Amino acid sequence: MRKSTCEFRFYEELNDYLPSGQRKRSITREITGTPSVKDAIEALGVPHTEIDLILVDGRSVRFDCRLEGGERVAVYPEFERFDITPLHRLRPEPLREPRFVADVHLGTLARFLRLLGFDTRYGNDLSDEELAHLTARQRRILLTRDVGLLKRKVVVRGQWLRSRDPEQQLGELVEALDLRRAFRPFTRCMTCNGVLGVIARAEVSGLVPPRVYRRFRAFKQCRECARVYWRGTHYLRLQRLVKQVRSPIR
Ligand SMILES: [Zn+2]
């Protein structure tokens with residue numbers, strides 16, 4: 001196989017995926033044969049789901065563009081600041097109502113997202129394969145801390161979370177995808193992702209502890225698992241969390 005070199009330059013947060021010595025500067029890499037630009041970029045550690053624009057010698061190209069050797073490749077994440085409409089955007093159109101699928105390590109984040117009203121699939125029983133397919137079939141955004149998972153070809157949209165702390169993960173995600181306007185707090189079941197509906201107080205008398213029944217007037221019930229919700233101490237704690245995430249980044 002013919003060997004040659006190409007020069008790569010990654011912009012903005014895409015540098016987070018590179019070893020510290022390779023960030024924010026040109027990297028020369030050997031290529032074998034004529035790999036697709038997607039494969040060449042992922043070989044450097046950057047998942048394609050994070051990329052919105054690739055310029056090869058100044059010309060915007062798609063993921064399947066073949067490299068011959070000698071090219072200069074510039075790689076950009078999703079832009080908010082620059083208008084790149086005349087160029088090829090590599091991502092599908094932004095999803096109007098973001099829906100998520102969280103990998104097995106992000107159970108708490110999944111519960112927070114449901115609390116904010118986002119349709120979020122999560123289950124210990126979902127394999128990596130199934131997670132990836134849900135992004136295509138149901139147009140869900142895959143949430144993961146596993147860069148390898150985002151590199152799978154079938155993953156259409158994904159978001160890599162840098163933090164290990166669920167509250168910080170939520171903050172990261174709200175910032176990255178500009179989710180604030182899409183909040184619908186307390187409309188979805190934190191346990192099963194079902195939609196909550198109003199239930200008459202008389203109907204919950206046997207379903208909640210007597211002291212809760214005496215103290216609270218308004219109840220909601222999950223249409224899937226029948227779990228009953230009320231504005232107790234748990235609710236107040238969660239409401240504080242919503243406020244915290246709603247306020248602009250400090
Ligand atoms: Zn439920």
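Author: Two packed helices are described by the angle between their axes and the distance between the axes. In this predicted model, helix α2 (residues 107–115) packs with helix α5 (residues 166–177) at an angle of about 55°, and their axes are 9 Å apart. Angles of 65 to 115 degrees count as roughly perpendicular and those under 35 as roughly parallel. The helices α2 and α5 are therefore oblique to each other.

Reader: In which hand does α2 pass α5, and which residues make the contact?

Author: The crossing of α2 past α5 is right-handed. On the α2 side, the contact is made by T108, L109 and F112, and on the α5 side by P166, Q169 and L170. Sorted by class, the contact of α2 with α5 comprises four nonpolar and two polar residues, with no charged residue.

Reader: Let us turn to β5. How many bridges join strand β3 to strand β5, and in which sense do they run, parallel or antiparallel?

Author: Strand β3 (residues 51–56) is joined to strand β5 (residues 72–77) by five bridges, and the two run antiparallel. Along this pairing, V56 stands opposite V73, while the bridge partner of I54 in β5 is V75. Strand β5 also pairs with strand β1 (residues 3–10), in the parallel sense and over four bridges. In that pairing, R9 stands opposite A74 of β5.

Reader: What is the partner of β3 in its hairpin, and which residue there takes a positive phi?

Author: The hairpin is formed by β3 and β4, with two residues between the strands, and D57 takes a positive phi near 50°. The pairing of β3 with strand β4 (residues 59–60) is antiparallel and runs over two bridges. Here L55 has S60 of β4 as its bridge partner.

Reader: What order do the strands of the three-stranded open sheet take?

Author: That sheet has the order β10-β11-β12 with antiparallel pairing. Its edge strands, β10 (196–199) and β12 (228–229), each pair on one side only. Four bridges connect β10 with strand β11 (residues 219–222) in the antiparallel sense.

Reader: Finally, what domains does the domain assignment give for the chain, and how far apart do the C-alpha centres of domain 1 and domain 2 lie?

Author: The assignment gives domain 1 (3–77), domain 2 (100–184) and domain 3 (196–244). Between the C-alpha centres of domain 1 and domain 2 there are 25 Å. The contact between these two domains involves six residues of domain 1 and seven residues of domain 2. On the side of domain 1 that touches domain 2, the classes are two nonpolar, two polar and two charged residues.

Notes. Residues numbered from 1 in each chain as written. Predicted model: local features only at pLDDT ≥ 70, side-chain atom pairs only at ≥ 80, totals over all residues. Domains from an automatic or database assignment. Nonpolar A, V, L, I, M, F, W, Y, C, P; charged D, E, K, R; others polar. Axes fitted to C-alpha atoms, helices over the stretch in contact; angles between N-to-C directions. Parallel < 35°, antiparallel > 145°, perpendicular 65-115°, else oblique. Left-handed = near helix turned anticlockwise from the far one by under 90°. Pairing = 2+ DSSP bridges.
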